[in-house]
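Open the structure in your viewer and keep the selection panel at hand. This tour goes chain by chain, with one stop at a time.

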Amino acid sequence: MIGGTDIILKARDERAAMDMAIRVIRLAWEHAVFEDADTGQTFRSYSDIDLRGRPEILVYRDAQAQRDWKEIGPDPAVNATMIHLIGRRGELTIGLDDVPGKPILSIVDIIQRSLRTRPELFAGTVREAA
Amino acid sequence: MTAHAPAPDPFEQIIRDAGQGWLIDWYAPKDQALPKLREILATANARGRARLGGNAPTLTPESLAAEYKRNPHKVSAFLQVVGSVHTPDILVMVWRILQGMNIAELRLDYASEDTFRMTVRLRSPYEDGDDETYESEDIDDAVILRHLGVMKMDDKPIFDGFYPLNVGT
């Protein structure tokens, strides 16, 4: 959780749902960089990511965004450059900035719509938590 | 003295762990299921090598077991079609999508009781990658379509990713 808004999706298979979310973000952010939020391990490409045992993934817009987050942390200057995904206990949580901008909300909307096309991944319940 | 059951075949173990035991249990004769699955994988693996050379994915029971430890959902999705897909190239294509290739183009030509032709062009997400085109004229291979992720981006259509169904769970 970044400290902003969490969008919580009920997922039948949270690992597959997180995979789908990562792929959606990767399409939106061509140079996305992925990081295990628990260990700090960085993955430069989707194919390198092993999701088993990695419930939290930070997806940065690019390598510069990752560096900026490391240096200045959550700050308006880095808004809209990182999405925090958490897959646990039948839920996929999408952590966003305090005031997520339109581009980020657009990505989240695509993730939700994509999941809705897969009832075996998405259980249909959505809630938001500040 | 206690008699120990023989250790399960590692390939069978990942199939059952992935919830796809039906691949073995529904095959007749049952004892030929694993040899048949190994043969399917070996054929697809050879096709991948012939097409992609050093860039080919390794499609063996051992590589599936290794990937299962990393991304079990991907192996589940693959196993769900391995017994149904008829064209070895299409299995290579499925694995390439699971590895991260984008689906740049999908053409389907179908006429009832007459024609089935599916052509899929994959594009690397990296600038230096080449496109790969896969073709099938066997409608059995259409089973892959229901596993594709479906989305719109800027209101434009996209197929992306390959996901497991709830079969066998």
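How many helices and strands does the secondary structure of chain A come to? Select chain A and colour it by secondary structure: there are three helices and seven strands. Helices (H or I, at least four residues) and strands (E, at least two) are DSSP runs, numbered from the N terminus.

Before moving on, note that this is a predicted model, in which local features need pLDDT of at least 70, side-chain atom pairs count only at pLDDT 80 or more, and totals for chains, interfaces and linings use all residues. Residues are numbered from 1 along each chain as its sequence is written, chains are lettered from A and ligands numbered from 1 in the order in which they are written, and side-chain values use heavy atoms, with hydrogens and water left out.

**Chain A, whole view**

Trace chain A from its N terminus. The order of elements is β-α-β-β-β-α-β-β-α-β. Now zoom out. The C-alpha atoms of chain A fill a box of roughly 40 × 30 × 25 Å along the principal axes.

Colour chain A by accessibility. Of its 130 residues, 54% are buried. Buried means under 20% relative accessible area, exposed over 50%, and partly exposed in between (1.4 Å probe, protein chains only). Next, consider the contacts in chain A with a separation of 6 or more: residues 24 or more positions apart account for 68% of them. A contact means heavy atoms within 4.5 Å.

**Strand β5 of chain A**

Select residues 82-88 of chain A. This is strand β5, and six of its seven residues are buried, so the strand is largely enclosed by the rest of the structure. β4(A) and β5(A) pair in the antiparallel sense over five bridges. Two strands pair if DSSP finds at least two bridges between them.

Which residue is the bridge partner of I57(A) in β5(A)? Click L85(A): this residue is that partner. L85(A) also stands opposite I94(A) in β6(A). Finish at the turn. β5(A) and β6(A) form a hairpin with two residues between them. R89(A), in that turn, has a positive phi of about 45°.

**D50 of chain A**

Jump to D50(A). This residue is in the loop between β3 (42-43) and β4 (56-60) of chain A. Is D50(A) buried or exposed? D50(A) is buried, with a relative accessible area of 17%. Show the neighbours of D50(A), leaving out residues up to four places away in sequence: F43(A), R70(B) and N71(B) are touched.

**Chain B, whole view**

Switch to chain B. Chain B has six helices and five strands. From the N terminus, its elements run α-α-α-α-α-α-β-β-β-β-β. The radius of gyration of chain B is 17 Å, close to the 15 Å that the globule rule gives for 169 residues, so chain B is as compact as a globular protein of that length. Its C-alpha atoms fill a box of roughly 65 × 40 × 35 Å along the principal axes. Of the 169 residues, 47% count as buried.

**Stops in chain B**

Select residues 72-82 of chain B. This is helix α5, and eleven of its eleven residues are buried, so the helix is largely enclosed by the rest of the structure. Among them are H73(B), F78(B) and V82(B).

Move to P29(B), in the loop between α2 (22-25) and α3 (33-52) of chain B. The peptide bond from A28(B) to P29(B) is cis, with omega near -5°.

Go on to T133(B), in strand β3 (residues 132-136). T133(B) is partly exposed at 35% relative accessibility. Leaving out residues up to four places away in sequence, T133(B) touches R51(B), T119(B), V120(B) and R121(B).

Last, visit two loops. E113(B) lies between β1 (102-111) and β2 (115-123) of chain B. Its phi is near 60°, a positive value in a residue other than glycine. E113(B) is exposed, with a relative accessible area of 84%. D155(B) lies between β4 (148-153) and β5 (156-162) of chain B. Phi of D155(B) is near 65°, again positive in a residue other than glycine. D155(B) is exposed, with a relative accessible area of 66%.

Notes: Rg over C-alpha atoms; globule rule 2.2 N^0.38 Å.
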